[in-house]
Amino acid sequence: MKNKLTALAFISLLALSACGTREYKPQDYILTMNYKDDFRILQLTDIHLSDKDDQQTQFKFMDLLYKDANSPDLVVVTGDLFTFASKGTAKSLLNYLDGKGVPWTVCFGNHDEQCYFSVDWLTETLTKFGSNCMFKDLQDDAVNGNCNFAINLMKDGKVHDQLFVMDSNRYNFNLSQLGYDCFKQDQIDWYESIVKYTKEQNGGETVNSLMFYHIPLPEINNAWEEGTKIYGEKREASCPPDHDYGFFNKIKELGSTKAMFFGHDHINNFEADYQGVKFCYGIKSTDRIYHDEDMMGCQTITIHSDHSLQIDRYYHTYAEVK
Ligand SMILES: [Fe+2]
């Protein structure tokens with residue numbers, strides 16, 4: 001009996017080490033690009049491409065958005081790229097984005113797991129994509145989520161601005177908290193380590209950052225009710241997770257992130273400043289799943305050389321592409 005128990009313990013230990021996680025350094029999570037004056041980011045969101053869609057119409061609609069952005073420096077898709085999509089459909093969209101010849105990146109939304117592939121497959125595909133794709137995920141690390149990385153915008157050897165791309169995760173199936181998932185404590189710790197590392201690398205100066213993810217933080221409701229409204233409408237209740245680990249408090253404490261851009265709620269497009277941080281919805285970029293006819297398009301975020309931001313919105317209807 002004792003021998004059997006010893007053998008079992010050994011096998012368990014082997015299994016544990018096989019599933020073990022690796023420790024990485026902050027710099028392992030950072031990609032770089034050159035900053036140029038008036039660096040312009042095109043934000044697309046909630047494309048929801050599925051196998052049954054007419055891809056050419058959807059791509060023609062998105063062509064209008066690229067035209068609006070007028071040669072952007074970077075494209076960020078803030079989640080829900082797919083719903084009920086096969087690998088072939090996924091590759092079509094990724095090839096479309098890449099074919100624009102503009103650096104691009106994505107974070108994942110809750111619907112990206114409702115497909116005929118796993119989020120891990122999508123992660124691996126993006127990691128290996130190369131070409132114009134800016135994506136990094138360390139799948140064997142100890143950080144929850146499938147897309148936690150930073151892009152440093154470099155100027156004269158220093159980090160001018162930093163872009164966080166993070167995974168707000170998908171669903172919480174815990175019955176006491178059934179609903180959308182949230183950023184986990186290890187992601188908050190990861191964020192803090194990158195902010196502090198970048199500050200150290202930048203001669204002790206905290207670097208301004210922007211953050212891109214899919215599901216708004218719970219404070220989105222405070223931002224709407226108590227924040228300074230800059231733009232837009234709230235046509236549906238915001239759907240953040242109803243629990244979290246205090247990410248917003250950490251963001252305020254560290255003082256790096258000045259603005260956050262997300263999607264998820266298709267018919268909200270407001271921007272509000274709340275406690276020193278800008279909360280900003282993207283604009284739904286196709287007519288897939290629920291939408292409003294007058295609230296589809298994109299926005300661009302221009303980072304000026306003094307770090308100030310300019311946000312421009314563009315709206316279109318499908319009458320333009322049919
Ligand atoms: Fe969505």
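Guide: Let us begin with a term: two strands pair if DSSP finds at least two bridges between them. Please note also that this is a predicted model.
Visitor: How many bridges join β14 to β15?
Guide: Strand β14, residues 297–303, is joined to strand β15, residues 309–315, by 7 bridges. The two strands run antiparallel.
Visitor: Which residue in β15 is the bridge partner of C298?
Guide: The partner of C298 is Y314.
Visitor: And what lies between the strands of that hairpin?
Guide: The hairpin of β14 and β15 has 5 residues between its strands. In this hairpin, H307 takes a positive phi near 75 degrees.
Visitor: Turning to helices, at what angle do α3 and α4 pack?
Guide: Helix α3 (residues 87–99) packs against helix α4 (residues 119–129) at about 30 degrees, and their axes are 12 Å apart. Because angles under 35 degrees count as roughly parallel, α3 is roughly parallel to α4. The crossing of α3 past α4 is right-handed.
Visitor: Which residues meet there?
Guide: From α3 come K87, A90, K91, L94, N95 and D98, which meet W121, L122, T125, L126 and F129 of α4. The residues of this contact comprise 6 nonpolar, 2 polar and 3 charged.
Visitor: What is the mean pLDDT of the chain?
Guide: The mean is 93, and 93% of the residues reach 70 or more.

Definitions and conventions
Residues are numbered from 1 along each chain as its sequence is written. This is a predicted model: local features need pLDDT of at least 70, side-chain atom pairs count only at pLDDT 80 or more; totals for chains, interfaces and linings use all residues. Side-chain values use heavy atoms; hydrogens and water are left out. Helices (H or I, at least four residues) and strands (E, at least two) are DSSP runs, numbered from the N terminus. Axes are lines fitted to C-alpha atoms, for helices over the stretch in contact, and angles run from 0 to 180 degrees between N-to-C directions. Angles under 35 degrees count as roughly parallel, over 145 as roughly antiparallel, 65 to 115 as roughly perpendicular and the rest as oblique. A crossing is left-handed if the near helix is turned anticlockwise from the far one by less than a right angle, and right-handed if clockwise. Contact means heavy atoms within 4.5 Å. Ala, Val, Leu, Ile, Met, Phe, Trp, Tyr, Cys and Pro count as nonpolar, Asp, Glu, Lys and Arg as charged, and the others, Gly among them, as polar. pLDDT is the predictor's confidence in each residue, from 0 to 100.
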